[in-house]
Amino acid sequence: MISALTVRIPTAVAPRVQPTMISMNGVSKRFGSFEVLKNCSVDVGKGEVVVVCGPSGSGKSTLIRCVNGLEAFQAGSITVDGIKLGHSTTDLTRLRRRIGMVFQHFELYPHLKVVDNITLAPIKVLGRARAEAEAKAMALLKRVGLAGKADAYPAQLSGGQQQRVAIARGLAMDPLVMLFDEPTSALDPEMINEVLDVMTELARDGMTMIVVTHEMGFARRVANRIIFMDQGQIVEDVETQRFFANPGSERAKQFLSKILNH
Amino acid sequence: MRYLDWSVISHAWPFLWQGLQTSFLLLALAMAGGILLGTLIAVVRLSASRPLAAVAACYVNALRSIPLIMVIFWFYLLVPLFIGRPVGTFTSALIAFTLFESAYYSEIMRAGIQGISQGQMGAALATGMSRMQAYRYVVLPQALRRMTPVLLTQSVALFQDSSLVYVIGLHDFMTSVGIVANREARLIELYLFAAFVYFVICFSASRVVKRLQDRMTVA
């Protein structure tokens with residue numbers, strides 16, 4: 001692994017001419033006196049894949065949960081596709097319709113069949129007809145390799161399968177952005193790849209993605225940029241190649257040597 | 001035992017049966033209304049609005065501190081004073097039971113809602129649902145399912161409590177038994193019979209609840 005790190009692999013990183021999809025400006029968040037996020041600013045262009053990494057408790061999850069308003073923040077602003085999210089909760093549902101989210105613990109609805117998990121929001125939130133929503137759900141299940149599981153309940157599926165259903169559920173709303181909050185951390189090792197494969201394909205299809213993950217292989221293959229966080233601050237925000245070859249900060253170097261060395 | 005005359009029961013059965021039906025109707029409607037209202041109160045109590053949550057908490061605590069028989073009695077006496085006309089005994093009893101039981105059902109539903117992980121609410125909100133939609137389609141169906149055995153156990157108690165409507169003279173099963181017992185001067189037979197009927201109904205219901213519970217633990 002070390003040798004791979006020192007060799008610079010020339011890959012064409014597309015210059016960022018794409019319009020900005022997500023723009024975070026000076027976002028800060030406190031829990032009491034504890035500062036979870038300190039003055040975080042990030043821009044994510046349309047079609048970009050950004051991996052957020054860093055030690056536990058560095059604020060990675062909180063950062064992406066701010067993007068769709070699941071966490072409130074005290075200072076700064078976030079704009080997603082032109083919709084501004086101040087520190088008050090304005091127009092949150094309108095914003096969330098366009099942002100898919102995948103959670104560490106899947107959070108499928110256990111009382112609903114797989115197909116109903118996927119069609120619930122399109123029917124209730126977007127007002128789509130059931131037949132139309134179901135046709136789309138079937139297409140999405142096929143895309144994540146689970147065409148035969150529409151009538152199963154979540155508890156009957158493996159962790160990897162559940163997470164792929166969760167991705168399909170997010171995609172059913174035709175999102176502009178997909179957020180992934182440690183999507184493989186709760187999975188058995190042999191199921192991680194089936195989820196990462198679906199995510200890789202999604203990235204290839206041009207989806208704008210922010211992914212919180214410890215899967216550095218995935219980050220290296222798929223991400224355009226890496227954001228490294230520590231103690232609530234964005235320490236690095238650089239192109240993938242550069243991050244792995246020559247991280248700018250001491251903290252990132254330490255982090256990389258710890259997680260790539262075993 | 002040879003002084004007992006059980007034929008009085010078969011003679012009075014049509015009248016007693018009518019009373020039993022009234023009891024069942026009261027149970028069914030108060031249960032439905034109580035669970036619905038109780039769920040609403042539980043949601044309000046868990047809402048982010050502190051004043052609303054405090055009002056809901058007051059409601060629950062107040063009703064749980066008053067004996068049911070007082071609620072039935074006072075509702076029957078006071079409401080006509082306010083609305084200026086008498087309320088039927090059944091309506092009066094039904095409203096009293098619904099309000100009273102909703103306090104207990106709301107505590108059960110609150111526990112049920114708190115037992116569903118925060119992540120479920122987060123997932124629902126993340127797909128653009130409003131809080132109300134998230135409760136309705138995601139959180140409450142799970143809470144209701146999980147709490148069904150407890151809600152049914154509470155309803156068995158409600159059925160027993162429904163005998164208290166004798167204070168306002170509603171012809172439920174217990175009142176009917178009392179009427180026949182006094183008319184025929186056969187108190188022992190009729191009250192033994194009443195005890196037997198309540199026992200059979202409540203015991204079978206709690207067996208059903210137990211089986212339901214066992215099945216849910218396996219699943």
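Buried means under 20% relative accessible area, exposed means over 50%, and partly exposed lies in between (1.4 Å probe, protein chains only). Keep that in mind for the exercises below.

This is a predicted model, in which local features need pLDDT of at least 70 and side-chain atom pairs count only at pLDDT 80 or more, while totals for chains, interfaces and linings use all residues. Residues are numbered from 1 along each chain as its sequence is written, chains are lettered from A, and side-chain values use heavy atoms, with hydrogens and water left out.

**Exercise 1.** Work out which parts of chain B are tied together by Glu107(B) and Arg64(B).

*Solution.* 
Step 1: These two residues form a salt bridge, with the closest N and O atoms 3.8 Å apart.
Step 2: Glu107(B) belongs to helix H4 (residues 89-114) and Arg64(B) to helix H2 (residues 50-64), so the bridge joins parts 43 residues apart in sequence.
Step 3: Glu107(B) is buried at 19%, whereas Arg64(B) is partly exposed at 37%.
Step 4: Now widen the view: Arg45(B), Arg64(B), Glu107(B) and Arg110(B) are linked in a network of salt bridges.

**Exercise 2.** Describe how chain B meets chain A.

*Solution.* 
Step 1: Contact means heavy atoms within 4.5 Å. By this rule, 18 residues of chain B touch 19 residues of chain A.
Step 2: Buried area is the accessible area (1.4 Å probe) that two parts lose on being put together, summed over both. Here the chains bury about 1,500 Å² between them, 63% of it on carbon and sulfur atoms.
Step 3: Ala126(B), Thr127(B) and Tyr137(B) supply 33% of the area that chain B buries against chain A, more than any other three residues.
Step 4: Look for salt bridges across this interface, and the rule finds zero.

How values were computed:
A salt bridge is a side-chain nitrogen of Lys or Arg within 4 Å of a carboxyl oxygen of Asp or Glu. Helices (H or I, at least four residues) and strands (E, at least two) are DSSP runs, numbered from the N terminus.
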